[in-house]
Amino acid sequence: MYAAMVYIKRYNESVMEFVDTHCHIQSVGEKGGERTTLELWAKAGDLTSSEVIAQAEQAAVMKLLCVGCDLEDSALAVHFVQDKPQCWASIGIHPHEAQQYAGRSELLSEFASLAARPKVMAIGECGLDYYYNHSSKAAQFELLEFQLALAQQHKLPLIFHVREAFDDFWPIFDRYPGIQGVIHSFTADEQQLENILQRELFVGLNGIMTFTKNPAQLAAAKAVPLQKLLLETDAPFLTPTPYRGTINQPKNVRVVGEFLAKLRGDSLEALARVTTANAQSLFGI
């Protein structure tokens, strides 16, 4: 009887799987891609994308969504995932990059052509960012609406980056009915969580939750319904505690999951099972 119980426990552990719904591993060891991401991966030395994927699998992180942030980065993500059964792509123009694309029809047309490529499962990351304001509001609005329309055309979900900009984001979002997606790297309060859930969007939580000192952020993380929760790393950014100071990798989505399970009072098994099902439901991966 005891031996059977041990076997069942080990079997259950072996089938527990996680999904990293937001990482940028397509530029590991590359010379092209989004500049800031490239610079951070360069600090990881001789690390290869094959090692990143293998280490993720060792941590039971079995599926990875590789997210583009500009035209070159998105094209790289699409190419990167084609021969990797663990990986899928999302194509996006980040609000930081919006100024470079606003009003440039040839670049936007080239970007739009990527949406029909195999293994492209989402549009984004896209949205509004008023924390840095690297692009004007007008350019950010234009690129957000362009990507919302592209997602409608191809019936794809979106990955949204919204920082200190929800007041402008919601009126734009609400003009595009039927949109599905996730608010990536959610760090707002329960009021914004309510706005998200009213629109039936998902909520992406990452390593920020392991080191934030903001009680409102933690309260909101606890309040996210499990059926609307997605796990992510944003690798190579936002390394979770206790690995701060190192380059983040998709394997650390398990660390995020362990922290959230304890914070929320969920079992790790239930959190893994439901968030994996959520990723399948939203992205088809």
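This is a predicted model: local features need pLDDT of at least 70, side-chain atom pairs count only at pLDDT 80 or more; totals for chains, interfaces and linings use all residues.
Which backbone oxygen does the side chain of Thr275 reach? The side chain of Thr275 reaches the backbone oxygen of Ala272, at 3.4 Å.

**Overall build**
- The protein contains 13 helices and 8 strands.
- A compact globule of 285 residues would have a radius of gyration near 19 Å, and the protein has 18 Å, so the two agree.
- Along the principal axes, the C-alpha atoms fill a box of roughly 70 × 40 × 35 Å.

**Burial and contacts**
- Of the 285 residues in the protein, 55% count as buried.
- Take the contacts between residues at least 6 apart in sequence: 71% of them join residues at least 24 apart.

**Surface and charge**
- The protein has an accessible surface of about 12900 Å², and 51% of this surface belongs to carbon and sulfur atoms.
- There are 24 positive and 33 negative side chains in the protein.
- The centres of these two sets of side chains lie 6 Å apart.

**Thr275 in its surroundings**
- Thr275 is part of helix α13, which covers residues 268-283.
- The relative accessible area of Thr275 is 4%, and buried means under 20%, so Thr275 counts as buried.
- Leaving aside neighbours within four places in sequence, Thr275 is in contact with Leu226, Leu229, Leu230 and Leu231.

How values were computed
Residues are numbered from 1 along each chain as its sequence is written. Side-chain values use heavy atoms; hydrogens and water are left out. Helices (H or I, at least four residues) and strands (E, at least two) are DSSP runs, numbered from the N terminus. The radius of gyration is taken over C-alpha atoms; the globule rule is 2.2 Å times the number of residues to the power 0.38. Buried means under 20% relative accessible area, exposed over 50%, partly exposed in between (1.4 Å probe, protein chains only). Contact means heavy atoms within 4.5 Å. Accessible areas come from the Shrake-Rupley method with a 1.4 Å probe; for residues, only the protein chains shown count as cover. Lys and Arg count as positive and Asp and Glu as negative; His and the chain ends are not counted. The place of a charge is taken as NZ of Lys, CZ of Arg, CG of Asp or CD of Glu. A polar contact is a pair of N or O atoms within 3.5 Å; within protein, one must be able to donate a hydrogen and the other to accept it, and residues adjacent in sequence count only if both atoms are side-chain atoms.
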